[in-house]
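Please read the numbered points alongside the sequence and the model.

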Amino acid sequence: KGSGPIASRTDDLANLQKYLEGNSTGGNGGSLWFISQGFWNEANVDADLTAFASNYLHIPVMPLVWQNLPSQLWGNSTHPVSDYFSDNPINTVFRAGGVDKVFSWGLIPDPDTIVFNNSINTRVYTLSYDSDDYGSDTITDSRILTQTWDFSRIEDTATQAQYTFKAIKWL
């Protein structure tokens, strides 16, 4: 919505917040598969977006690190979205006209939220949040999958389809 930078789209943030919160008395919140590189560029320097990332996307650490996406992304063997990819990593490619670098996180306090990381488990590229796993949260049935890299970086369509199926089924 709108044509300005993300930080200027306050209506978009307000609507996303309402969707993720469900209703004002708690209850079912919305689920979201958040794929963006542009958002993270601005969230690293914009306090409102940093607050949204922390409070609504449940991102534990800001700012993120800007670096090359590895040639393979490894799944977390205990996460329902990426368990298959713990033995069958996703091969990534650089698409002409795209951006080779992406944002990533370092050490994550809750390893169960890690969906995809690099082969040596030092950088995280996709995180998840499930409201039902957090007892203090008044919102139920809300799941968020946050990905900092472009989906088109997945090398082949069969892997794209497998990942999409697992992500949507979990959401």
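**Notes on the predicted model**

1. His58 is placed in the loop between helix H3 (47-55) and strand S3 (65-68). Helices (H or I, at least four residues) and strands (E, at least two) are DSSP runs, numbered from the N terminus. The phi angle of His58 is near 60°, a positive value in a residue other than glycine. His58 counts as partly exposed because its relative accessibility is 31%; buried means under 20% relative accessible area, exposed over 50%, and partly exposed in between (1.4 Å probe, protein chains only).

2. On the basis of the note: this is a predicted model, in which local features need pLDDT of at least 70 and side-chain atom pairs count only at pLDDT 80 or more, while totals for chains, interfaces and linings use all residues. Residues are numbered from 1 along each chain as its sequence is written, and side-chain values use heavy atoms, with hydrogens and water left out.

3. The protein chain as a whole has 4 helices and 10 strands. Read from the N terminus, its elements run α-β-β-α-α-β-β-β-β-β-β-β-β-α. Of its 171 residues, 42% count as buried. The accessible surface of the protein chain is about 8,700 Å², and 52% of that belongs to carbon and sulfur atoms; accessible areas come from the Shrake-Rupley method with a 1.4 Å probe, and for residues only the protein chains shown count as cover.

4. Contacts also deserve a remark at the level of the chain. Among contacts in the protein chain with a separation of 6 or more, 60% are accounted for by residues 24 or more positions apart. Contact here means heavy atoms within 4.5 Å.

5. Asn121 is located in the loop between S7 and S8. With 52% relative accessibility, Asn121 counts as exposed.

6. Which residues surround Thr126, leaving aside its neighbours within four places in sequence? Thr126 is in contact with Trp105, Thr113, Ile114, Val115, Phe116, Leu145, Thr146, Gln147, Trp149 and Tyr163. Thr126 belongs to strand S8 (residues 124-130). Its relative accessibility is 0%, so Thr126 counts as buried.

7. How many salt bridges does the count come to? The count comes to 2 salt bridges, where a salt bridge is a side-chain nitrogen of Lys or Arg within 4 Å of a carboxyl oxygen of Asp or Glu. One of them joins the side chains of Lys166 and Asp83 (3.0 Å, N to O). Lys166 is in helix H4 (residues 157-170) and Asp83 is in the loop between strand S4 (72-75) and strand S5 (90-91), so the pair ties together parts that are 83 residues apart in sequence. Lys166 is buried, with a relative accessible area of 15%, whereas Asp83 is partly exposed at 31% relative accessibility.

8. A salt bridge is also formed by the side chains of Asp130 and Arg143 (3.0 Å, N to O). This pair links distant parts of the chain, with Asp130 in strand S8 and Arg143 in strand S10 (residues 143-147), 13 residues apart. Asp130 is buried, its relative accessible area being 10%. Arg143 is partly exposed, with a relative accessible area of 25%.

9. Asp112, Asp132, Asp133 and Asp141 form a negative surface patch. Patches are made of residues with over 30% relative accessible area and no salt bridge, like charges being joined within 9 Å and nonpolar side chains (Val, Leu, Ile, Met, Phe, Trp, Tyr) within 5 Å. Asp112 is in the loop between strand S6 (101-104) and strand S7 (114-117). It counts as exposed because its relative accessibility is 54%.

10. Two helix residues complete the note. Asn41 lies in helix H2 (residues 38-43) and is partly exposed, with a relative accessible area of 42%. Apart from its neighbours within four places in sequence, Asn41 is in contact with Trp66 and Phe103. Asn41 and Leu64 are 23 residues apart in sequence and 9.2 Å apart in space, C-alpha to C-alpha. Asn55, for its part, is in helix H3 and counts as partly exposed at 48% relative accessibility. The C-alpha atoms of Asn55 and Gln17 are separated by 9.3 Å, with the two residues 38 apart along the chain.

Technical notes: Lys and Arg count as positive and Asp and Glu as negative; His and the chain ends are not counted. The place of a charge is taken as NZ of Lys, CZ of Arg, CG of Asp or CD of Glu.
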